[in-house]
Amino acid sequence: MNKDTAVYLDSYRLAQFAECLPCHVCGEGNSHEAEHCRRCFAPMALTHQSSGQKQAPLMIAALGASGVGKTVYLGMLLDMLSRRSKTLHLLTRGAISIEMQQNTVFALANGAFPNKTPIEPDRWNWVHCQIAPGRRRKIVDLIIPDMAGESMLTEITHPHTYAGIRPFLSRCSGIMLLIDPTKVRAGHQDQDFFSVKLLSYLRELDLDLKTGWPQRPIALVFSKADQCPDCQDDPNRFAERHLPGMWRFCRERFQRYRYFAAGVAGACAYRNQSGADRVRVPLRVEPSGVVEPFEWLVNELCP
Amino acid sequence: MLGEARPLDGVPVSFLYLLAEFGPVFVEQAIFTSARTSRGSGYHLVAASPGLTDADARDLTRYGPSHDSLWESGAEALSVNFHRLSSGAYCVSQTTPEGPEYSNRGGARIYTQSLIVQPAAFARFANNPFAVLRTALALGVMQVHSEPPAHLEPVELFGHAAVIEDGLLSSCAAGPLRSKLGALIDAVIEGSSVALAVGGDGVQLLAAMIQALPVECRPEVTFSTGLRFSPTRSFQVCCLSANSLENRRLCRTYGMQLLEMDSADAALIQDGWGWYVTTLLEEGRLHEIIPLLQKPRPGLSLALLHELAASVAGGAEEPLWVSNNGSSGADRSQDLNHLEGQRIACLERTDAPHHSVGGVASTVPSCSPPAQTAEDPCDVLSGRFPLAVDQLQRLEDLIFESLAGRPHATDNLHDGWRRLAAVIDRRSIVEVRELYLRHTLCCWRELNDSDPQLSQARSEWALAILETLLAE
C-alpha cells in the first residue's frame, strides 16, 4: 500500500512574490516584504493594514508652510482624541501610527517643541487610525501623514520632485491647511502666497465640480492662535482682513471650507542653548480649538 | 607637444596646450540648506549659479539632506557626497552642520555646498571627487555663508590631479583594510549597493577604492561618506555608523551588502579586479598599478574590469576597448544614468531575486540574450550560411545588448553588420535584413515588457539599430 504524503514545493513559498502589492497611497507595485513604497516611500504597513478591509481608508492631509506647527498640531490632536471616551474617539492602527503622538507629547512634556520634520519622504510620520464618531456606529478609517512643508512647496513649484505627493493629494478626501497667524499679523505675505499656491495646485489636480477639489472639505486652521488673540475671536474676519488673496480664492473656488483657530502652547519664549543658539520653547501646554477643525472635517466626510 | 611652437592667432600652441591642461575650469555651484529666502523657507536650494539647469536643480533638491541627516553628531561631522545629475554633469558636495536652525526649533542647520562639474572638467581631476573637493577647499571656494547670498557665481578650479595619489593605496596595503578594499571593489563592480560600516576608516577606504579603479570607471560609483541612508538618495556606497543592528536592518530591507571591519567577507572573485589589486598590494607591487590605471581606455566600464584583470594577470594582450563613437563625456554620463536607473530598477522590481529566500544575491541580472527561439535569425540562416554562424550570433547579441543599454554595443553593431554583409551574397541581404529587423522588434517588445521604465530610451536605441541595418 502506498502512503502518499503531501510535500510543499519550496518554490510555492515564492508564489506570493510573483504578484506585486500596490501601495495604498500611490498605487505603485511593490514587493510583499518592502518596508517603504519604492515610489512614494510611504510605509507599506499602511497597505497591509488596509488590504483586508471592505472600505478603503480615507486620506486626510495636514498641509502648511515650514514652521507653521503641523507636527505639534497633529501630535496634540491624536493625543487628545485617543484619550476621549465618548464623541469622536480615536484608535490608532499599527505601531508606526503612535510615533508622532509619542514624540510630540514627550517633547512638550520636557518643555520643548518636537524636532523639525525632515524633507525626506521615508522619514515622515504616517498615522493610520480609526475614528468612532460618537453615536454613529460606522467607524471611519483615516490615514494622515505629517509631511514637511518645504517638500510641499518644492512639489508645487517643481512638480514630480516628490513622486508621492501628487498621487496622495489626488486621493485625499479633505485637508487641514495650517496658517501661522503670527507671521500674518507681522506683515509677512508668504503665508498668503503659500496658501494660494497650494489651493490652486489642489484645484488643478481635480476640477470636477461634483467629486473634485472644489467640492472637498477644507479646514483652514490658524495654528498659533494662542499668540494671536485676534484670530481666536473671529478667524473668518481675520482671514478676510489679513489674507485677502486666500480669502477671496476660497470664496470663489471652493464650496466647502471653514476657518478655525487653534493653539497648543499657551505661551512661548526663547531659551539660550549651547553657544549662541536660541530655541523657541513652550511655557505651558494649553490646547484650544485643536479638535474642532478635525471634527468638522470628519462630519463633512461622513455626514 | 611642447616642441616647435607654431603661432595660432598669435598665440603659441604650446601656451594653448598649457592653458588647456592647467588653466582654470569653471564649475557651477549651489547651496542647499535651511533658510528663509524669497524662494521659500526651510530646507531648499537657497542659492545657485546661473548655469544650473532646472533638471539639475531638481536633482539637487532630491538629494539634498535636511534636518538630522548626518549620522555623526557634533560640529566636526562631515559628509562628502558624489552623484550624477540628469544633465550628465557630476555633483561633488560637502555636507556639514553650520549653526542653528533659522526657525529656532533646535538642532543644527545642515549645510550642503555642491559643485556641478562637467565631464571634461572632471577628467582633469582624474575623475576623482576627492581631488575636486580638495582643490576647491585649497582655493577657498567652499565658503559657508551665515546668510546665503542671493546670487552665486561659477567658481574657478585650477590645476589637475594625478591618477594615483601618493600614500593612499599603500596605506591600505597592510592590515584588514586590504581585504576590505578588495571586497568593496568586487561589490561595486557587481553593481551591488554597499553599506560600509568600518568606522573612521570608511572615508580612507572609499578614497582608496576610487584610486584603485581606472579613470574611466570612477564616475560610475556614487557614494556618501556621512549621510544617513535614505532611499531617496540612491548612492551606491554609503558609509554608515557603527550601529550594527540598524545597519543590518537597512541591508535586509534595501538589499545592500554590508561590509564591516570585524566581520568576514565573501571570498574575492578569482582573477577579478579586486583580487588583482589586493594581490599587487600584498606583494608590494604597487608600482605596477600606476601604469595600468594611467593607460587610457575610452570604452572601459566597471562591468569589464574583471575581464581586464584576467587579461592583465594572465599576461595576455588586452582586448580592444572601443569607445562610444563620437560620444562626449556628457553622453557617457547619460549612459551611466541609464545604467544606474536600470540597476536600481532591477533591484526594486517586484520579481527581483528575493534576498531572504534561498540566499539569492541581489545583483543586477546580466544583460544576456534571451533563449534562442525558432524565429532567431541565427537559427534560420545558419543552415544556408554555415560559414557566417559566428557573425550571425554576434549580431544578435549586439542587438540585444544595444537595446539593453550597454554603451559600446551600438558602435560594435555597425562593425558587426558590415562583417556579416561581407559574407552574405547581395541577393540574400534583403532577406537577412528583414529577419534582423523582426528580431530587433521582438527584443524591443520583450525588454519593454520586462522593464518599461526605460522604454523611451530604448526606442531611441532601437532607432539607431534600425538605421544601422537599413544603411547601404
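Two strands are taken to pair if DSSP finds at least two bridges between them. On this basis, chain A of the predicted model contains an open sheet of seven strands in the order 4-5-6-3-7-8-9, with mixed pairing. Strand 4 (89–92) and strand 9 form the edges of this sheet, each pairing on one side only. From one strand to the next, the twist averages 25 degrees.

Several pairings within the sheet of chain A can be described residue by residue. Strand 3 (residues 58–64) of chain A runs parallel to strand 7 of chain A, the two being joined by five bridges; here Ala61(A) has Ile175(A) of strand 7 as its bridge partner. Helix 7 (residues 190–205) of chain A packs on the sheet and touches strand 3, strand 7 and strand 8 of chain A. The direction of this helix makes about 170 degrees with that of strand 7 of chain A. Helix 11 (residues 291–301) of chain A also packs on the sheet, where it touches strand 3, strand 5 (125–132), strand 6 (140–146), strand 7, strand 8 and strand 9 of chain A. Relative to strand 8 of chain A, the direction of helix 11 makes an angle of about 175 degrees.

Strand 8 (residues 218–222) of chain A is mostly covered, with five of its five residues buried. In a regular strand, side chains alternate between the two faces of the sheet. Accordingly, Ile218(A), Leu220(A) and Phe222(A) point one way from strand 8 of chain A, whereas Ala219(A) and Val221(A) point the other way, and all are buried. Strand 8 of chain A pairs in the parallel sense with strand 7 (residues 174–179) of chain A over five bridges, and Phe222(A) of strand 8 stands opposite Ile179(A). Strand 8 of chain A is likewise joined by five bridges to strand 9 (residues 257–261) of chain A, and these two strands run parallel. Within that pairing, Val221(A) has Phe260(A) of strand 9 as its bridge partner.

Two helix pairs of chain A were also examined. Two packed helices are described by the angle between their axes and the distance between the axes. Helix 2 (residues 70–82) and helix 3 (residues 99–109) of chain A pack at an angle of about 100 degrees, with their axes 8 Å apart. Angles of 65 to 115 degrees count as roughly perpendicular, and helix 2 and helix 3 of chain A are therefore roughly perpendicular to each other. Helix 2 of chain A contributes Thr71(A), Val72(A), Leu74(A), Gly75(A), Met76(A), Leu78(A), Asp79(A) and Ser82(A) to the contact, and helix 3 of chain A contributes Met100(A), Gln101(A), Thr104(A), Val105(A) and Leu108(A). These residues comprise seven nonpolar, five polar and one charged. For helix 9 (residues 235–242) and helix 10 (residues 244–253) of chain A, the packing angle is about 115 degrees and the axes are 5 Å apart. The residues in contact are Asn236(A), Ala239(A), Glu240(A), Arg241(A) and His242(A) of helix 9 and Pro244(A), Met246(A) and Trp247(A) of helix 10. By class, this contact has four nonpolar, two polar and two charged residues.

In chain B, ten of the 13 residues of strand 3 (residues 25–37) are buried, so this strand is largely enclosed by the rest of the structure. Strand 3 of chain B forms a hairpin with strand 4 of chain B, with two residues between them. The two strands pair in the antiparallel sense over eight bridges, and Phe32(B) has Leu45(B) of strand 4 as its bridge partner. Strand 3 of chain B also pairs in the antiparallel sense with strand 7 (residues 108–117) of chain B over five bridges, in which Ala30(B) is partnered by Ser114(B). A further antiparallel pairing, over three bridges, links strand 3 of chain B to strand 8 (residues 155–157) of chain B, where Val25(B) stands opposite Leu157(B). Helix 7 (residues 202–211) of chain B is mostly covered, with eight of its ten residues buried.

Two buried polar residues of chain B were considered individually. Asn81(B) lies in strand 5 (residues 79–84) of chain B and counts as buried at 2% relative accessibility. The side chain of Asn81(B) makes a polar contact with that of Ser224(B) (3.1 Å). Thr232(B), in the loop between strand 10 (223–224) and strand 11 (237–239) of chain B, is buried with a relative accessible area of 7%. Beyond residues up to four places away in sequence, Thr232(B) touches Phe41(A), Glu120(A), Pro121(A), Asp122(A) and Arg62(B).

Conventions
Residues numbered from 1 in each chain as written. Chains lettered and ligands numbered in written order. Predicted model: local features only at pLDDT ≥ 70, side-chain atom pairs only at ≥ 80, totals over all residues. Heavy atoms only, no water. Axes fitted to C-alpha atoms, helices over the stretch in contact; angles between N-to-C directions. Helix = DSSP H or I, 4+ residues; strand = E, 2+ residues; numbered from the N terminus. Parallel < 35°, antiparallel > 145°, perpendicular 65-115°, else oblique. Contact = heavy atoms within 4.5 Å. Nonpolar A, V, L, I, M, F, W, Y, C, P; charged D, E, K, R; others polar. Buried < 20%, exposed > 50% of the residue type's maximum accessible area, 1.4 Å probe, protein only. Polar contact = N/O pair within 3.5 Å; in protein donor to acceptor, adjacent residues only side chain to side chain.
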